[in-house]
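Here are some notes for a colleague who is opening this entry for the first time. Please keep the sequence and the structure in view while reading the points below.

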Amino acid sequence: MKTLRTLLLLPILIAGVVSVQAQSPLYGVGRTPTENEIRLWDIAIGPKGEELPVGSGSVDMGSELYLSKGCAGCHGTLGNGGMAPRLIKRDAGPNADPWDYGRVLPIRSPYATTVWDFINRAMPLGAEGTLTADEVYSLTAYLFFLNDVVEDGTELNEKTLPQIQMPNRTNWEQVPDWLPGQPRLEGYPY
Amino acid sequence: MSQKKTDRREFLKRSAAIAGAVGLGAVKPALGQDHEHMPVAPEPGAFIRGSDEMTAYGSRSRFVDSVRIPHGGRESPDAFGLDFHIATPLQDSVGEITPSSLHYMGTTRGSFVPDIDPDAHRLMIHGMVDNPIVFSMEDLKRMPSVTRKHFIECAGNRSRSSHTTIQETHGMTSNAEWTGVLLSTVLKEAGVHADADWVVAEGVEEVKGASSIPMAKAMDDCLLCYGMNGEPVRPQQGFPLRLLAPGFEGIFNVKWLRRIKVVDEYYMTYNDFGHLTRDPVNAALGYQIGPKSVITYPSGGQQLPGAGFYEIGGLAWSGGGRVSRVEISTDGGRSWKDADIRGTAEPMAHTRFSFEWDWDGAECELQSRCIDEIGQIQPSRQQALDFWSTDGERATFVKGQDNSIQPWRVASDGGVHNAIS
């Protein structure tokens, strides 16, 4: 009788053990991607730059690519005056507050990686995803040069790019920690 | 509305004339001054003949002419066929669901709507997880599903004094019934690491639009949607798969979703960069949609035929949860009365309200005010501007998401006008 009860309980005990291991799949639907597949898909570059592909590019190469890839056609020869968003900071005088340079990605962004990421994923218009990693490093370097973030002659690669100290690196506010049922802003009645 | 009324009157007159001509107009009931005859079916030639198309996928009456319009002064489509921002005709809305064909649309920077073969589409869950997974659409449809009503609203949905109609002032929000898999279901399936705080959601369109979403939200109520209003999600809404982040600003609701990457920090994607600010108040108020409402009838550009009874109707919503109360003022905000909530108020969903009103024919100003279940109250424009004003400087622009009250001025001639100054 005792044995029978143990046997009857056994499946329940096993189920209990399985549910404790919350990290194993419950449904088993879908397939596991290969490492290579993940690498090919993963174009989201975080602030640490861990996902950056091996490669390098220079301000000089970037200035040529800016013309040859058609960037100048939409963004203007020197990063302004075109139909597309401005890429060179506005003149804000000496010792300017970086926020006075305008909403210009390669100067306002807190991280260099955001600039690399967006050129890589979304430029040039109509030929997105066609730039090589080296070309993206070069164009990024050139835009940083235009905005006095790096000096002429600078070369960037997967190691040096995330180390660039953008002027707004810490000069911005994170959204508040989100919790369900929480008001938009503590103490704000609306 | 007035245009539609006229059309309908003419239609009825025409029908009556035709009915008379074929000898069916003998009955003359008293139906009011506009109607000398009972509305009857039009002549045989005016029936909508059955067709293979109408059998396969029905369409609305040719007398219904409600359409979307480009929003914000930019063409959509533009000369290249890129779609940008398109506003829904809220002035014609009834009930709570926006028809899929009329749902508002927004894009990251102007996009070609991708023409995706669902059999070839994949969603990858990876990053800080124990088991990265690739789902086909068929796989996702095997997973446990939910169906929920939720609104989406664009951050740029704000009323300006130059706007004349509600389509311009509020047309960048819509509400649909969404069907899909909870993001938490697939995240649990993948096994999220304890130190993961964010997910990056990414689309497959040419811009590869991507947004960072806090893990608490991802695990709470975000949805991977393949269904919309009882059929597959429309291409402009992300066919075959879109993310829904209920109550968050529109851009978080990533369309044509191909990837969820689990990460340990805010990724500052290009979409996130659009929210960049150094004002913590502005950051907080440009995130979760506040309590908001608008009167859809009578609204700007409409014409009331004269004094008398009207059911004021409108929509209320909040990113903070359910709408718990809507109030109406017919005297420009001096006094308020409760409106009736129609249907059931659901979390982060448009909720229809109504209010019985006898218009005395004198000029007046109509307003509605939403209060949500967590006690947030929709501010007047004055209150919102007061909040953003400093001692030295009077604010003229509501920063963050603008959820302020929309006033409609009803002139003594029955014309309805935007009363934002």
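**Notes on the model**

1. B:Arg325 belongs to strand 15 of chain B, a strand that covers residues 323-329. Please bear in mind throughout that this is a predicted model.

2. B:Arg325 counts as partly exposed, because 17 C-beta neighbours fall inside 10 Å, and a residue would need 20 or more of them to be called buried. Leaving aside residues up to four places away in sequence, B:Arg325 touches B:Asp338 and B:Ile371. From B:Arg325 to B:Tyr310, which is 15 residues away along the chain, the separation between C-alpha atoms is 21 Å.

3. In chain A, helix 3 (residues 59-68) packs with helix 7 (residues 133-146) at an angle of about 95°, and their axes are 7 Å apart. The two helices are therefore roughly perpendicular to each other, since angles of 65 to 115 degrees are classed that way.

4. Residues of helix 3 of chain A that take part in this packing include A:Val59, A:Met61 and A:Leu65, while helix 7 of chain A contributes, among others, A:Leu139, A:Tyr142 and A:Phe145. Sorted by class, this contact has eight nonpolar, three polar and one charged residues.

5. Where the chains meet, 43 residues of chain A and 55 residues of chain B are involved. On the side of chain A, the elements giving two or more residues are helix 2 (35-41), helix 5 (105-108) and helix 6 (112-122), and the largest share, five residues, comes from helix 6 of chain A. By class, that side of chain A has 26 nonpolar, nine polar and eight charged residues.

Technical notes. Residues are numbered from 1 along each chain as its sequence is written. Chains are lettered from A and ligands numbered from 1 in the order in which they are written. This is a predicted model: local features need pLDDT of at least 70, side-chain atom pairs count only at pLDDT 80 or more; totals for chains, interfaces and linings use all residues. Helices (H or I, at least four residues) and strands (E, at least two) are DSSP runs, numbered from the N terminus. A residue is buried if 20 or more other C-beta atoms lie within 10 Å of its own, exposed if 12 or fewer, and partly exposed in between; C-beta atoms are placed from the backbone. Two residues are in contact if their C-beta atoms, placed from the backbone, lie within 7 Å. Axes are lines fitted to C-alpha atoms, for helices over the stretch in contact, and angles run from 0 to 180 degrees between N-to-C directions. Angles under 35 degrees count as roughly parallel, over 145 as roughly antiparallel, 65 to 115 as roughly perpendicular and the rest as oblique. Ala, Val, Leu, Ile, Met, Phe, Trp, Tyr, Cys and Pro count as nonpolar, Asp, Glu, Lys and Arg as charged, and the others, Gly among them, as polar.
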